[in-house]
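Thanks for coming. Please have the structure open.

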Amino acid sequence: MSLITEDGTGLASAESYLSVADADTYWANRADTTWDAATDPAKEAALRKATEYLDATFRWVGVISSTSQALGWPRSGAYDHEDRQLDNRVPSLLANATAELAREALSAELLVTVSRNDRASRVKAGSVEVEFEPGVSVQKAFDRAERMLTPIVTGRVGSSTIALVKS
């Protein structure tokens, strides 16, 4: 099945914020060979996973443009931190973050299922100990992609609280 890319109209069947061709250009401009070596079906799957991760992880500025759209973008009443209106399009920051995460998704899962028994409750390094709230799982972080999104994010879905404990 061919990847259906959001075009800014709020497609009910959209699966990705970025097309394979646009991701190819993004990575070619950065002289990255990892993305180029992947097959088109692998790239499509990675773009789907990246988009799913983004919508499952972040709270976006504004509100969805249509109740029938499949993805979190496009949005209405959306402005970035420089007060630029982002209505009815997929921001380039989001497209770039999708490319970054898709490259990661070629070799690792972005959304990880953690069983209750696998959850960390304490981590200690020297005299500093971090204790997590009961039932909180540790989520992967993708700093490069996530920093790109700062101007269009209001928060994270399911943010966790941790307590620092000094021994």
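How many residues does helix α4 have, and how far does it reach from its first C-alpha to its last? This is a predicted model, so please keep that in mind throughout. Helix α4 runs over residues 92–105, which is 14 residues. From first C-alpha to last it reaches 20 Å, close to the 20 Å expected at 1.5 Å a residue.

Next, the buried side of the account. The buried residues of α4 are L94, A95, A97, T98, A99, E100, L101, A102 and A105. The elements covering them include the helices α1 (20–28), α2 (33–37), α3 (40–57) and α5 (143–148), along with strand β1.

R103, also within the 92–105 range of α4, has its charged end over the ring of W27, 5.4 Å from the ring centre.

Now the aromatic pairs. The structure holds three of them. Take F58 and W60: the ring centres are 5.8 Å apart and the planes sit at 40°, so this pair counts as tilted. Both F58 and W60 are buried.

W60 also pairs with W73, this time edge-to-face, with 6.0 Å centre to centre and 65° between the planes. That pair links distant parts of the chain: W60 is in strand β1 (residues 58–60), while W73 is in the loop between β2 (63–64) and β3 (75–76), 13 residues apart. W73 is buried, as is W60.

Put together, ring pairs link F58, W60 and W73 into a cluster. That is where I will stop.

Notes. Residues numbered from 1 in each chain as written. Predicted model: local features only at pLDDT ≥ 70, side-chain atom pairs only at ≥ 80, totals over all residues. Heavy atoms only, no water. Phe/Tyr/Trp six-rings, centres within 6.5 Å; stacked < 30°, edge-to-face > 60°. Buried < 20%, exposed > 50% of the residue type's maximum accessible area, 1.4 Å probe, protein only. Helix = DSSP H or I, 4+ residues; strand = E, 2+ residues; numbered from the N terminus. Lys NZ or Arg CZ within 6 Å of the ring centre and 35° of its normal. Expected span 1.5 Å × (residues − 1). Contact = heavy atoms within 4.5 Å.
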